[in-house]
Amino acid sequence: MYSNSEVADMKRYLFSAICILFCAASGAQELKEYMTDPTDWTLLRNGDNMDVGLDLNIRDLDVRGNSVVTLTPRLVNGADTTTLSTVGFYGRNRWFYYERNEKRIPDGFKENSLRKNEMPDTWSWSESFPYRKWMDGSKMELVRQVYGCCNDLKYEDVLTIGRYEQYHPVFIFIAPESEGTKTRHIEGRAYIDFPVSKTVIYPDYRNNKVELGKILSTIDTLKSDADISINSLSIKGFASPESPYDNNARLAKGRTESLKDYVSALYHFPDNFISTSFEPENWEGLREYVLTSNISHRQEILEIIGLTDRDPDTREWILKSRYPAEYRFLLDNCYPGLRRSDYAIEYTIRNYTDVDEIERIFKRSPGKLNLHELYLLASKYEIGSPEFQKVFEVAVTLYPEDEVANTNAAGAELEAGRLDRAAEYLAKAGDNAYAEYFRAVHCWLSDDKDGALLHFAKAEEGGLAEAREAIAKINLSGK
C-alpha cells in the first residue's frame, strides 16, 4: 500500500507526463492555413486622427480544444507600430484550464476572450489613434498567434491587409504647342492738330511734335531690334460730328493720307506697307464719352446718338437744337478728342530654341517670348522654385486670357499653397483636362474629397493618366 503522500506524488507525475505528451503531439500536428479573410477594412485619416477599421471573417478559424488563437491588428511602418486590441479564441479545454487558473494568454494581457463555441462568423475592430507622420506609407497587418497547452507559443504568422498612403498631388503642366511665326501688334492713338478745315500736317503746330513722336518712337524701337521684322503699318483717321458730313469725310480722309505721307517720307517704306482707312464722324467715341459722363440729359442725348436710321447731319442738328448748352459743352470738351488717328504696327519676332538664350531674353524683354518658349524656360528650373514660379507668373501676365497660361499659373500657385490666387486663374482656365486636374487638386487641398474625385474623373475622361492614379490613391487612403 502507498501512503497518501506517495499517491499524491504519483498523480502529479502522471498529470505532468500526460500534459507533456499532449503538448508534443499538439506541436507535431500540421496547422491549417490562415482561415481568416478581411471582408472590409479602412485606413482613414480624419483630421488629427487615424481611423482604423477591420471586419474579419473568422467562420473557419482553426481553434483546437487545447489551444488559444489570438488575433491582433497593427499599423506598422519600419520600427514604428500602433497595435489594436487583441481578441483570443479558446478551445474547450484551454478555456476551463484558464478559468480555473484565472489568467489569460499571453500572461497579463487582458484581451477579449471567447470560447470556440461562442465565436461569431465575423469579428470587427474600430479604433482611432492620433495621426503621426510615420503612418503615411504604413501597412495594416493582422498577427495570428497560436498557444498550446503548456503556455508556449506554437505558431505565429502575419497577414498584410492593406497600406495607407496619404495622397499627395502630383503637379503636371501643359506644354504649349509651338506657335510657329510669332506675329504681334502694337496699337496706339495720336491726337494731331490741324488748322481749321486744313489737311496738311504742321509738325510744330500746337502739340503735334509729341503726338507724332508716339508713332515714330514706336517704329524706331521695333526697327532697332535685330530680332524683329516690321510687316505693316495701318492708320485710321477720325473726325468729330460737326456738320456737314461731306466736309468731315474730306477732312478725315485727307488728314489720314497726310499722316501716311509724313511717315513714308521719313522711313521710305515699300509701297502698300502703310494702309489707311477713315471714319468721317466719330459717333461711337461720342457715345462712349456721354455714357461715362455726368452731363445733363445724358439719357436723352444717348437716344439721339442712337438714331442710326437718321442721317448724321440730322442727328447732329437734333442734338444741337434740343440741348444747346450740353452741345456747347461737348463741342468744347469732347469733340477735340474725337479727332484722332489710331495706328497699329504688325511685326514678327524670331523664334528662340536655346534655353539659355531664352533665359537672357526673359530677364530683359519677356514680351518677346511666346508660351512655348516660356514653358521651355520653366522646365529648366525645379518645380516650386522661385524661378519656376516667376516664369508662369510672367506668362499669365503677358497672356492674361490664354487658357494654357491660366492653367499652368494655377498649378504653380497650388504647388505654392496659394489657393485663392489659384482659384482666380482656374476661373479662366477653360475645361481642358489639365484645368480639371488642377480644380481637383484645389478641392483636395481645400479638404473637399468629393469635389476632388469629381474633377479628377473629368480629367481622366480627358486622357490624363495622373488623374486615374490620383483617384486610386484617394480611394485607398481617404482623408
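Helices and strands are taken here as DSSP runs, of at least four residues (H or I) for a helix and at least two (E) for a strand, numbered from the N terminus. On this basis, Pro244 lies in the loop between strand 11 (228-238) and helix 4 (245-267). The model is a predicted one.

The protein as a whole contains 17 helices and 13 strands. Its chain has 479 residues, of which 43% are classed as buried. Among the contacts with a separation of 6 or more, 65% are made by residues 24 or more positions apart. The accessible surface amounts to about 25,900 Å², and carbon and sulfur atoms contribute 49% of that area.

Two helix pairs were examined for packing geometry. In the pair formed by helix 15 (residues 433-445) and helix 16 (residues 449-461), the axes are 7 Å apart and the packing angle is about 165°. Angles over 145 degrees count as roughly antiparallel, and helix 15 and helix 16 are therefore assigned to that class. The crossing of helix 15 with helix 16 is left-handed. On the side of helix 15, the contact is made by Ala433, Glu436, Tyr437, Arg439, Ala440, Val441, Cys443 and Trp444. The residues of helix 16 that meet them are Lys449, Gly451, Ala452, His455, Phe456, Lys458 and Ala459. By class, the contact of helix 15 with helix 16 comprises nine nonpolar, two polar and four charged residues.

The second pair consists of helix 5 (residues 283-291) and helix 6 (residues 298-305), whose axes come within 10 Å and cross at roughly 165°. Helix 5 is therefore roughly antiparallel to helix 6. Their crossing is left-handed. Helix 5 contributes Trp283, Leu286, Arg287, Val290 and Leu291 to the contact, while helix 6 contributes Arg298, Ile301, Leu302 and Ile305. The contact of helix 5 with helix 6 divides into seven nonpolar and two charged residues, with no polar residue.

Apart from residues up to four places away in sequence, Glu211 is in contact with Arg189, Ala190, Tyr191 and Ile192.

His268 is placed in the loop between helix 4 and strand 12 (274-279). The phi angle of His268 is near 55°, a positive value in a residue other than glycine. With a relative accessibility of 65%, His268 is classed as exposed, the cut-off for this class being over 50%. Asn272 is likewise found in the loop between helix 4 and strand 12. For Asn272, phi is near 65°, again positive in a residue other than glycine. The relative accessible area of Asn272 is 77%, and Asn272 is therefore counted as exposed.

Note on methods:
Residues are numbered from 1 along each chain as its sequence is written. This is a predicted model: local features need pLDDT of at least 70, side-chain atom pairs count only at pLDDT 80 or more; totals for chains, interfaces and linings use all residues. Side-chain values use heavy atoms; hydrogens and water are left out. Buried means under 20% relative accessible area, exposed over 50%, partly exposed in between (1.4 Å probe, protein chains only). Contact means heavy atoms within 4.5 Å. Accessible areas come from the Shrake-Rupley method with a 1.4 Å probe; for residues, only the protein chains shown count as cover. Axes are lines fitted to C-alpha atoms, for helices over the stretch in contact, and angles run from 0 to 180 degrees between N-to-C directions. Angles under 35 degrees count as roughly parallel, over 145 as roughly antiparallel, 65 to 115 as roughly perpendicular and the rest as oblique. A crossing is left-handed if the near helix is turned anticlockwise from the far one by less than a right angle, and right-handed if clockwise. Ala, Val, Leu, Ile, Met, Phe, Trp, Tyr, Cys and Pro count as nonpolar, Asp, Glu, Lys and Arg as charged, and the others, Gly among them, as polar.
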